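Biologist: Before I rely on a complex like this one, I would like to learn how to read it feature by feature. Could you take me through it, with the general idea and then the case at hand?

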Amino acid sequence: MSRFIRMMFLVLIAIAVSGLFYATLAAQKGSENKGRFYFRQTCKECHTKGAAGGEVTPLNKTMEQWRAYFAKGTHNHGKEPLSKYLPADQLLDASSFLINHAADSPQPETCGK
Amino acid sequence: MAAKNKRYALVIDSKKCINCKACVVACRAEYNVPLTYSRPWINEETRGVWPKLMAAFQPEQCHHCAHPACVRVCPTGASYQRPDGIVVVNESDCVGCRYCMIACPYDARFFREDKGVVEKCDFCVKRLARGQLPACVETCPSKVRVFGDLNDPKSKMADLISGREYRLKKPEAGTGPQIYYLM
Amino acid sequence: MKTIEWGYLIVNYLFLGGLSAGLFFVSALATFLYKIEEPSPYTRIARLGALLAPWPVMIGCGLLVFDLGHWYRFYKLFLHLRLVSPMSIGTWLLVFFNVIALVNCYAWLTAAQRTELFARIPQRLAFLRRFNYDIDHWRRHLALAGLPISVGVGIYTGVLLGAVQSRPFWNTNLVAQLFLFSALSTGCAALILGLARREQSAPELKLLYGLDICFMVLEFFIVLPYLIHGELSVQAVQDSLKLILGGPFTVLFWVFFLGLGLVTPLVIEITELVPVMLSNREFHYRRPIAAGTALLILFGGFLLRYIFVFAGQMSAMQ
Amino acid sequence: MDRRRFLKFSAGGAATAAVAASVAYIGPFNHAPAKDAERLEIPTTCEMCVNKCSVIAVVENGVIHKLNPNPENPKSRGMLCARGNAGLQQVYDSARLKRPLIRVGERGEGKWRPASWDEAFDLAANKLLETKTKYGPQGTLWSSTESFQEVFFQNLGAAFGSPNRVRHATLCLASVNLAYSLTFGTVPSFDLINSKYIIMSGANRLESFITPDTMDLIESAEYRKAKLIYLDPRFTVTASKADEWYPIRPGTDLAFILAMLNVIIGESRYDKEFVANYTVGFDKLVDYVKPFTSAWAEQETEIPAIDIVRIAHEFSDASPRAVYYAGRRSSWYREDFHTRRAQAILNAIVGSWDREGGMVPNGKIALGEYLFLPWDDPVASRVDEMDKNFPLAAKGDGAYLKLRENVIAGTPYPVKAWMIHKQDPLNALPNQARTLEMVKQMDFIGVVDVQMSDTAWYADVIFPESTYLERTDPVEVLSGITPVVVFRQQVVKPAFDTKPTLEIAQGLAKRMGLSQYFDYTIDQWVDAQVKELPLQMPLDHLKKHGVYVPSDFPKYGTTLNPEHRFITKSGKIELYSERLEEAKYDPLPVYHALSQPPQGKFRLILGRRAYFTHANSTNNPWLNQFAPENRLWLNPTAADSLGVGDGDLVEAKSSVGSVRLKARVTQEIRPDCVFMLHGYGKKSKWQRLVADKGGSDAELLETAWDTVSGNASMHETFVSVRKV
């Protein structure tokens, strides 16, 4: 009987943990679509040709490099946190946009676009 | 507008013609010609037995002859030749006897029942007056037609005619055709 | 776009124009030959010809006008005279011819006919009656003036076609001659037809047969060189002749025009006339034969126009 | 018909309105000769096909008199093809759509009643929302074909929350685009004008489609003496102009290319330096192509081995001014992708990349963008299960045929409402019967179009779009080696009660609570796009000239430094593709011999004539006259065996349908193939010139798609032919 309870308990924990795991996973993928907007709205302020930050496009880095960049989460050569410019949720969206359009990302071209 | 010692003519480089019919539609739009007729047209010829085949396309329209038979036979002078060589029909003088159509060796004229007059290519004199090229010449994607003044030695036309071999259609008709088909 | 532009209206016009020319020509000839005083066979020929001459050509002109793009624009033809355009010349020729033919017709009316004619004029237009002149004495002058014009009209119908360089079937001076003599012979034929009604037209018909034979022989000896010359000419002309040498108009040309319309009546008239001339016997004619011959000639004259108008338009330079 | 007269009786009001209106609207930007004020010349952009040529509309008294080419555009130059010239029939032909329509009879019965825009909007919005509540937003399908305002329609579908937006790509160039993207990381243009040696497979560029490439090709072939090698089972205009034409056995182009690779690599005629610096996987390619000898290829292609070898020699000698032209062509076979890849690889190893006369990556012009916070991503995944079926393909485009099959099957979930933007799936998709099944199982179909297409014929509500001469569109870039910005500005007021797509989208959005994504005018949108162009008054410039031509093109060799990173996995040109390998596809182009038509059957091959754009201008009176009906091309030997004479009525029958049309017995086609023009045998009675005239190839074509890109394969159908 107690064994059964213990088992149930373990199962519950397992479910909880896995749930947590999936939750984090889900949280990992933001909206490319919105990310593109935040990137253009915020980052492009300074990161355009001739502007202060110099031009930045998703193609500047590979997927790995972008992942690393956002893992590090700092801006302007580590001087300041990225969160200074974008709140966490927007940062997530922006990152998924940049990663999915990185220099080595699979992004076949299409007709008439 | 018809300046002195001008002589407008047309050089046609049939080799470049891809039978796309742009000239035909452009002319139809410019003059709103009913569907049953057309001022310019394209002669098509395919020969041979599979797989040894050839196809040739040759645009044609009024040849604006030096001695136009249509002008000679016209009883009212409705068909006349301008000093710059362009042969035109003055609709208000045309009685629609169609003698000119019978006289034309190229069958380049047609009779418009709706208007009761004879019509044909006039090298877009209205456009020329505005400094534009004839509609068919301007629109041609492969630039088969080269329009210009024969008496202008600096024109592209002069280069082509002096630089390349050409032939005239039915010169034996004696009308002195002025469309130069490059070989 | 190759199309047949000239159709039956033109064919008929060419035929009727020629017919009038022929009528006037023969009547004019007769006019010179007869003496005012004594009545002679020529008088009736001249009179009948003069009375008939104006009408066919006037109908023909009507057809011509209705063949135009808009008939009411025909007057523009008279606003210009272009000596290089056969049609322009023709237009004016026709005007003069019509006028003279009409006047001549009037001149040949008998006093009785004149009075009757003017009696018909309604009261309102009474003033017209003043024009009831007797102009019999003009007849010779009119004939003289009209003769060249009638020949002109006869030739013109051929020139109209012959002058077109781009239609090899037409483009030879022979067409003009051909049409002229065909015109004259149809004129004769019409008169034969008219006079054969009566029993005692022997002298007139004798004369007309004679004339007609001349015309048709000439016509025949123009058709021949037309064909020979064409065959010896450039490719385009040879090709165009194929229309009547194996082409769509072959039977029409050889059997109906040349055979029935020319040779047959020629032979008949010769067999009718020549024996009489050789042994100067009295000339007798059989009305049905005379009438039939005349009809064949008219038929042939019409066919000639038909064949040339259509075949000509089909022919082209290659 | 007579335009002026037509206007008099059917749109007199509109016409007169248009006088005032268009003058007022365009006035400031007209550069017509001052002499007559009633004559305006308004530069704009053509929409008769997708090529975006620049035109100048001549407007007299508010009526478009003529469309002239706009020489200021360096791409279309002084060119306007037959279609472009016939453009004003779109405005003035009485057959066009003039007001919103709501179906009253059965679908396809053609019974309509005119409706107000409000009515039409309400109906559609309610139906879409119903579907949403029943099946979720993914229960709606939004399909559209390339056009300047397509973006608004696509956005509406996205904002609505549907993942199911399908574009025309998989009926078009998807296989080409994917093949080149996976090899070079981009789809380059071909510098035909500077090429010395051009090989084309079926891309009938002198006949099927008149674009700047056509002008360049004829120029270089006829004047600059470039050599044109053309492969086609049909004797086309291009074949007639080519230096050498080979009536290749259909579906064997890949064998030909592999043999060329075999020769060029075997004789080490490739560009060693280029291969070393810019490509990966060459070593694998070397071993791979060994078996594909010219002798083997001769068996497959029926092209003599000596010619294959000679062509390979000439090709490599002419490189880098030598190209195997990718073509403007839909895909033909299930392995089409690999054929395209092989072309790309062949071009790459001879170094015809980013050099004059070779393949050149398209120049880029950055346009601005009207920024607004976009909608949430759709929750559901696509109904065509792109990730599962075509993991490497462009997701946004969808895979049309797979999508159709899934929708009919109702898997993975039901799709019950279909919004269609200027597309005619009934004719564009193979196997019309299946497409009709898809139509049948829809609860609602809404169509936006300028004419009553066959698909519109089966719709429930029709939104008439203003034609391209009656509206202002977003600015677009006409891409290429020399890219230009083209602007389509309104030329005349709409002749009828029609709206541009943006306003149609807004009308629907308002009723579906999506207005926040559409609260801008076309002018605001355009302003945002052009403000970044290096011009003083960008918009005025575009209104006056119709085009913006940057001075810094063409640019050659921008990618030609070993540091350059291609947008590929390895950063190099991938002759051997790891991505393909990972996705379980052949990493190198594998040739699968096609089954050939059995005795008494023929392969149905398709093609275009440039009078017509796909199925949608065969009803244009000015164009229809050049081909009033389509005929089935038959080689005399085939025709004799069938006892068919030229002009006889025949029935062509495939496994999915049959059509009746007249036969054209001609020497110009292989004895084992038949051919028919596209866009005839229409169901829509409003397509009066082609309704039930000739036959529709869509009724014959069997469903087949390219395994990698999902692109419809158009040459996989065998038909039997009999005299009737």
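This is a predicted model: local features need pLDDT of at least 70, side-chain atom pairs count only at pLDDT 80 or more; totals for chains, interfaces and linings use all residues.

Modeller: What follows goes from confidence to chain contacts, and then to strands and cores.

Biologist: How should I begin with the confidence scores, and what are ipTM and pTM here?

Modeller: The model scores ipTM 0.89 and pTM 0.90. For chain D the mean pLDDT is 92, with 95% of its residues at 70 or more. Residues 1–34 of chain D, however, stay under 50 in pLDDT, and for them the model has 46 contacts beyond four places in sequence.

Biologist: Turning to the interfaces, how many residues of chain B and of chain D take part in their contact?

Modeller: The size of an interface is often given as the accessible area lost when the parts come together. Here we can count residues instead: the contact takes 27 residues from chain B and 35 residues from chain D. On the side of chain B that touches chain D, the elements α1 (22–31), β2 (41–49), β3 (52–60) and α5 (135–139) of chain B each supply at least two residues, and the largest share, six residues, comes from α1(B). By class, that side of chain B has 14 nonpolar, six polar and seven charged residues.

Biologist: And which element of chain C gives the most to the side that touches chain B?

Modeller: In that interface, 26 residues of chain C are in contact with 29 residues of chain B. Helix α4 (residues 86–107) of chain C gives the most to the side of chain C that touches chain B, with four residues, and this side has 11 nonpolar, nine polar and six charged residues. Pairs without contact deserve attention too: chain C and chain D do not touch, their nearest C-alpha atoms being 15 Å apart, while chain A and chain C, which do not touch either, have their nearest C-alpha atoms 42 Å apart.

Biologist: How do I read a sheet, and which strands are the edge strands in the open sheet of chain D?

Modeller: The open sheet of four strands has the order β11-β10-β9-β13 in chain D, with parallel pairing. Its edge strands are β11 (244–246) and β13 (322–325) of chain D, each of which pairs on one side only. Direction ignored, neighbouring strands of this sheet are turned by 10 degrees against each other on average. Strand β10 (residues 227–231) of chain D pairs with β11(D) in the parallel sense over three bridges, and Leu231(D) stands opposite Tyr246(D) in β11(D).

Biologist: Why is strand β15 of chain D described as largely enclosed?

Modeller: Because five of the five residues of β15 (residues 417–421) of chain D are buried, the strand is largely enclosed by the rest of the structure. Both faces are covered, with Ala417(D), Met419(D) and His421(D) buried on one side and Trp418(D) and Ile420(D) buried on the other. Five bridges join β15(D) to strand β6 (residues 140–144) of chain D, and the two run parallel; Ser143(D) has Ile420(D) as its bridge partner. Strand β16 (residues 444–449) of chain D also pairs with β15(D) in the parallel sense, over five bridges, and Trp418(D) stands opposite Ile445(D).

Biologist: Finally, which residues have the most contacts inside the largest nonpolar core?

Modeller: In soluble globular proteins, nonpolar side chains tend to be buried together. The largest nonpolar core has 375 residues, and those with the most contacts inside it are Ile307(C), Leu258(D), Met260(D) and Val674(D).

Key: Residues are numbered from 1 along each chain as its sequence is written. Chains are lettered from A and ligands numbered from 1 in the order in which they are written. Two residues are in contact if their C-beta atoms, placed from the backbone, lie within 7 Å. Ala, Val, Leu, Ile, Met, Phe, Trp, Tyr, Cys and Pro count as nonpolar, Asp, Glu, Lys and Arg as charged, and the others, Gly among them, as polar. pLDDT is the predictor's confidence in each residue, from 0 to 100. Two strands pair if DSSP finds at least two bridges between them. Axes are lines fitted to C-alpha atoms, for helices over the stretch in contact, and angles run from 0 to 180 degrees between N-to-C directions. A nonpolar core is a set of buried Ala, Val, Leu, Ile, Met, Phe, Trp, Tyr and Cys residues joined through C-beta atoms within 7 Å. A residue is buried if 20 or more other C-beta atoms lie within 10 Å of its own, exposed if 12 or fewer, and partly exposed in between; C-beta atoms are placed from the backbone.
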